[in-house]
Structure formats: C-alpha cells, structure tokens
Amino acid sequence: MATDISKLTLTARWQDLTTGMMIHAGGTSEEFNTGEWTSVKPHVKEEDCRQCLLCAQACPDSAIPVNKNERVKVDLKHCKGCGICAKVCPFDAIEMEGL
Ligand code: SF4
Ligand code: SF4
C-alpha cells in the first residue's frame with residue numbers, strides 16, 4: 001500500500017502508512033519535506049565559497065542544487081540539517097545555524 005501523504009493527519013493510524021521497505025514509484029522522496037524536522041540549517045558564506053561543488057555531491061538529500069556548474073541556494077524544504085556539507089567543505093564556507 002502506498003500512502004497519499006497529502007491526506008495524512010495527526011490522527012492517522014499506523015495501518016494508514018506506507019508499508020516499510022517498499023518502493024512504489026520513482027521520485028517519491030521529493031514529497032517528504034525533511035526540512036520540516038531539522039533544528040539547524042546550513043548557512044553558506046558566499047565570499048568563501050569557491051564553487052568546488054563537493055557539498056552538492058555529499059548531501060544525502062540532494063538539497064544543494066547545481067545549475068550551470070554552480071552551486072545555488074540550499075533547498076531548505078529538503079535539507080535535514082545533518083551538517084555533512086559543512087563537514088566536507090574544504091574552504092569552511094558553510095556554517096550550521098540554529099533555527
Ligand atoms: S563545498 Fe564549500 S566551497 Fe565547495 S561549493 Fe560547497 S560551499 Fe562552496
Ligand atoms: S545539512 Fe545535510 S541535508 Fe542539509 S544541505 Fe547540508 S548535507 Fe544536505
């Protein structure tokens with residue numbers, strides 16, 4: 001069973017949820033805004049960024065988009081605040097900030 005998450009409410013029962021370990025269609029993770037449950041977010045110090053794009057490759061949620069070979073604004077709807085981008089940036093251009 002695949003859950004229509006747009007119809008889920010706080011009173012949903014576990015029986016209403018998508019069966020675990022099942023993939024029902026491609027691209028479904030886009031529907032889950034993991035950014036809703038983070039307590040920190042990355043702040044990019046643009047003056048220090050050298051566009052090496054390492055952060056975009058390392059982000060487990062594909063929340064750092066690349067357009068025409070340039071990193072663009074972090075997708076905060078899907079960033080889960082893990083801090084991996086800040087850890088891998090060789091130029092210390094990313095700081096994690098509390099919300
Ligand atoms: S890893 Fe750091 S320097 Fe490289 S694109 Fe990301 S923010 Fe910029
Ligand atoms: S904090 Fe984690 S999820 Fe958010 S942009 Fe950085 S690597 Fe991606």
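Trainee: Which residues is Leu 54 in contact with, leaving aside its neighbours within four places in sequence?

Mentor: Leu 54 is in contact with Val 88 and Pro 90. Contact means that heavy atoms lie within 4.5 Å. This is a predicted model, in which local features need pLDDT of at least 70, side-chain atom pairs count only at pLDDT 80 or more, and totals for chains, interfaces and linings use all residues. Residues are numbered from 1 along each chain as its sequence is written, chains are lettered from A and ligands numbered from 1 in the order in which they are written, and side-chain values use heavy atoms, with hydrogens and water left out.

Trainee: Why is Leu 54 called partly exposed?

Mentor: Buried means under 20% relative accessible area and exposed means over 50%, with partly exposed in between (1.4 Å probe, protein chains only). Leu 54 has a relative accessible area of 35%, so it is partly exposed. Its place is in helix H1. Helices (H or I, at least four residues) and strands (E, at least two) are DSSP runs, numbered from the N terminus.

Trainee: What makes His 78 count as buried?

Mentor: Its relative accessible area is 16%, and therefore His 78 is buried. His 78 is found in the loop between strand E3 (70-71) and H2. Not counting residues up to four places away in sequence, His 78 touches Ser 29, Glu 30, Phe 32, Asn 33, Thr 34, Gly 35, Asp 61 and Ala 63.

Trainee: Why does Gly 35 count as buried?

Mentor: Gly 35 has 16% relative accessibility, so it counts as buried. Gly 35 sits in the segment before E1. Outside the four places on either side in sequence, Gly 35 touches Leu 76, Lys 77, His 78 and Cys 79. The C-alpha atoms of Gly 35 and Pro 90 are separated by 24 Å.

Trainee: Is Asp 92 buried or exposed, and what makes it so?

Mentor: Asp 92 has 55% relative accessibility, so it counts as exposed. Its place is in the loop between H2 and strand E4 (94-98). Phi of Asp 92 is near 50°, a positive value in a residue other than glycine.

Trainee: What is phi of Gln 51 near, and why is Gln 51 called partly exposed?

Mentor: Phi of Gln 51 is near 60°, again positive in a residue other than glycine. Gln 51 has a relative accessible area of 25%, so it is partly exposed. Gln 51 lies in the loop between strand E1 (40-44) and H1.

Trainee: How do you know that Glu 70 is partly exposed?

Mentor: Its relative accessibility is 45%, so Glu 70 counts as partly exposed. Glu 70 is in strand E3 and touches Gln 51, Leu 53 and Pro 65, not counting residues up to four places away in sequence.

Trainee: What makes up the largest nonpolar core?

Mentor: There are 11 residues in all, among them Val 44, Cys 55, Ile 64 and Ala 86. Helix H1 (54-58) and helix H2 (84-88) each supply at least two residues of this core. A nonpolar core is a set of buried Ala, Val, Leu, Ile, Met, Phe, Trp, Tyr and Cys residues joined through side-chain atoms within 4.5 Å.

Trainee: Which residues surround ligand 1?

Mentor: The shell includes Cys 49, Gln 51, Cys 52, Arg 71 and Ile 94. A residue is near a molecule or strand if one of its heavy atoms lies within 4 Å of it.

Trainee: How many residues of the ligand 1 shell are nonpolar, polar and charged?

Mentor: The shell divides into 9 nonpolar, 1 polar and 2 charged. Ala, Val, Leu, Ile, Met, Phe, Trp, Tyr, Cys and Pro count as nonpolar, Asp, Glu, Lys and Arg as charged, and the others, Gly among them, as polar. The shell around ligand 2 has 9 nonpolar, 2 polar and 1 charged residues, including Cys 59, Lys 80 and Gly 81.

Trainee: What volume does the largest pocket have?

Mentor: Its volume is about 190 Å³. A pocket is an open set of points, on a 1 Å grid over the protein atoms alone, where a 1.4 Å probe fits, with protein on both sides within 12 Å along at least five of seven lines, and lining residues have an atom within 4 Å of a point. Grid points are joined across faces, edges and corners, and a volume is the space filled by probe spheres set on the points. The lining includes Ala 2, Met 22, His 24 and Glu 31.
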